Amino acid sequence: MLASDGKYAVIGTRPIRPDGADKVTGRALYGADFYTAGLLHAKFLRSPHAHAVIKSIDTSRAEGLPGVHAVVTAKDLPDVADGQVDLGEGASNVRNLQRNILARDKALYKGHAIAAVAADSPHIAEQAVALIDVKYEVLPAVLTAPDAMADGAPILHDDLRTEEFGEQTDKVSNVAEHFQYQNGDVERGFADADVVVEREFNTATVHQGYIEPQVTSVLWNNDGRIQIWTSTQGSFTVRKEVAQVLDLQESRIKVTPMEIGGGFGGKIPSYLEPPLALLSKKSACPVKAVMTRKEVFEATGPTPGSYIKVKIGADREGRITAAQAHLAYEAGGFPGSPVSAGAKCIFAPYDIANLLVDGYDVVVNKPKTQAYRAPGATNAAFATEQIVDEIAEQLGMDPVEFRLGNAAKEGTRRADGPVFPRIGCEQVLEAIKSHPHYNAPLGGPNRGRGVAVGYWFNVGLQSSVTLSVNYDGIVSLVEGSTDIGGTRASIGMQAAEALGIPAEDVQATVVDTDSIGKTDVTGGSRTTYATGWAAYKAAEDVKNQMIERAAMVWEVAADSIEAVDGVYRSKADPELKMSFKELAGELDETGGPIVGRGTVDAGGVGAGGGSFSGNIVDVEVDPDTGKVQIRRVTAVQDAGKAIHPSYVEGQMQGGSVQGIGWALNEEYFMNDDGTMANSTLLDYRMPISLDLPMIDTVIVEIPSATHPYGVRGVGEANIVPPPAAVANALYRATGVRLERLPMNPVAIVEGMWSKAG
Amino acid sequence: MATVFIPPLMQSLTDGQTTVEVAGSTVREIINNLEEIHPGTKERLVDKFRMKSNISVAVDGEVTPIGMLEKVGENTEVHFLPAIGGGVSAPREETPRSPRTGY
């Protein structure tokens, strides 16, 4: 379904970002900038143990400290019904969400919140936190999925029994869930193979690394209404979470999203809002909390470490005959890792008749994992794309040609069963193959080039947009999607395209939950897709109303008028025509304001077919130290239709940078007792601009079959292939296959020593 | 008739059949009719009147947010998939109702 022939006046251009001036001048208002009269400051007491029974909590000394207004613990939370709360890009069990926000009987990871204090200043709150007396019975911690699955492992939840696709087993276990995908006959497929490669991979826990920490202010007003000002990816999601955790009526809560300093999936769940609401109720004052970086690492949701075993077979002609995978993902202290998504994506780029995939969701004594840009898929691609590379080498084939020969296309059945609609996997691979980078000389020793591809879904969900036509022809656009990656521009441009007016004539504003219809989270690569679609529908509504007004002005029938490229004209009389701006000037005398509305329920996971992405990466390895220099990176991605190409390129570059950091340096370095040894940004080493070259980008445009402009979400798939592409490049440079993330200098040197014997 | 793909871990209930042709115009009717053909399947998928919170249903390739309410046409493919946190959405019909507020 395409709204035009693909020729656009606004879409595909690169207008100046509307939020740029405020952000570069420091005037944009973030959560930390919020202030109101009587504001108190909150601090949290957090568990020093990764696994412990909470025997008692005594808050009396803290409550008696001058300047302290309130203290809350899990006792202050209401009993809530069990069930799921949909966070948009991930669902959580409400009871577990509550217990993650404030530990009730057990601390399940170091940093697990035990109590919160509101005081006149952050310093008094810190003093008070130190006066809370908690008695623990410390238990042994278990930190990886294989260890947690082993017989005799410490059990996190006495009531957790493994569920086997809807069937509750009797075994108390750290494995919350096991599922399986199967197509064809995998044993026969491997029997038909001439080459079979099998390897085991381990990936470390990594954090999204958003620069702005979690920050929230809450006022529980005297009238029972709650106001929240927060840094979030979804204001309506916060509203729903707080309502369900505190057992309140959702519409009594108003959430104002402040500007957001990064999220990448990590700012979907609530951590601060419910305790701050309770503190505000107790103190009758507004309460604010800003997490420290240490709290961000230790007490918010990173993406899981994982253990993955992959086996792939192919025949001499280069056809993959069978594939098998076993994925065990760490969920953190409560069930709910993205292993299902990883399992759906692990073989997504390939058309494989025979495959078998087993997935395990495993609780461990680490923070509850949350979404991080294509959650689960990067771990999976790190494994599969190395095996694919190795098979191509053994068959003597070019690795891109081998992938092309097996590439998924429209009609290919995915590992989890459904068939792909129109997708751009082959076109991404063709773009890699034809890029000058792919065949450029490496130019020196100890250098290698790797390629990899990956996939991530689109999520549809619900969005709302209103458009108000000002009498000077400028259109005010109101929407509820937090703008993380430039969506004010991409949504406004879709409205402008539909109205036939310049992008600059649409002014987009993100508003609070009382001021716009339900809008789901900015996540799942959905915002430009779904909220942009709502903007398109709102613009169509405006166009129809404008035609009615033109009919009044000209005293003709509305159906005799058409709107083409922003000009309203009579189909019969060429003299009767007005621009959008001219017609807007007539509104005052033809009935007053025009407000257009657009809402969509744009479907669930898989809407639009998703996006494929690929990377070419050149590395140079210092053979003495194992230090890796990234020499050249090219990112290729199917955007369906790039609304604002600069933003799409920015997403591709950002995803590549995060993926390369994940590949080479980033990890939760855990001590045996479950403490994180590197919970600062000095020790948790994310890439900076000096670490990387300019990343070249190629946007492939294979329109999605569902969106009016063919849009696909582009926020996530670009992080999927980089670690595998780096690994394949390191193999070419060193001859060593690295099966563990991160591939830091120690791992590389040890691998080279091992190879040298 | 819709083609229902039976998850591998449920195929013991369908005598090893990987797909079953089932009549019905909604996911709810499909599940009820599948239960008639292969008893025990509904219990694995449904909790009272809703899809189980950790199971989602895809109709013609797309996970539906409205679960058992989703319409099913002729020649439709129906897949039951794990719906767990981190990258997928729970069915919207699964939103819990609080005993206190009834919300």
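## Q658(A) and its contacts

Leaving aside neighbours within four places in sequence, Q658(A) is in contact with R373(A) and I719(A). Contact means that the C-beta atoms of two residues, placed from the backbone, lie within 7 Å. This is a predicted model: local features need pLDDT of at least 70, side-chain atom pairs count only at pLDDT 80 or more, and totals for chains, interfaces and linings use all residues. Residues are numbered from 1 along each chain as its sequence is written, while chains are lettered from A and ligands numbered from 1 in the order in which they are written.

Q658(A) sits in helix α18, residues 645–664. Helices (H or I, at least four residues) and strands (E, at least two) are DSSP runs numbered from the N terminus. Q658(A) is buried, with 24 other C-beta atoms within 10 Å. A residue is buried at 20 or more other C-beta atoms within 10 Å of its own, exposed at 12 or fewer, and partly exposed in between.

## Helix α11

Helix α11 of chain A covers residues 377–395. From first C-alpha to last it reaches 26 Å, close to the expected 27 Å (1.5 Å times one less than its number of residues). Of its 19 residues, 15 are buried, so α11(A) is largely enclosed by the rest of the structure. Just after α11(A) comes G396(A), with a positive phi of about 70°.

## The whole chain

Chain A has 20 helices and 31 strands. Its C-alpha trace spans about 85 × 75 × 50 Å along the principal axes. Of the 757 residues, 59% count as buried.
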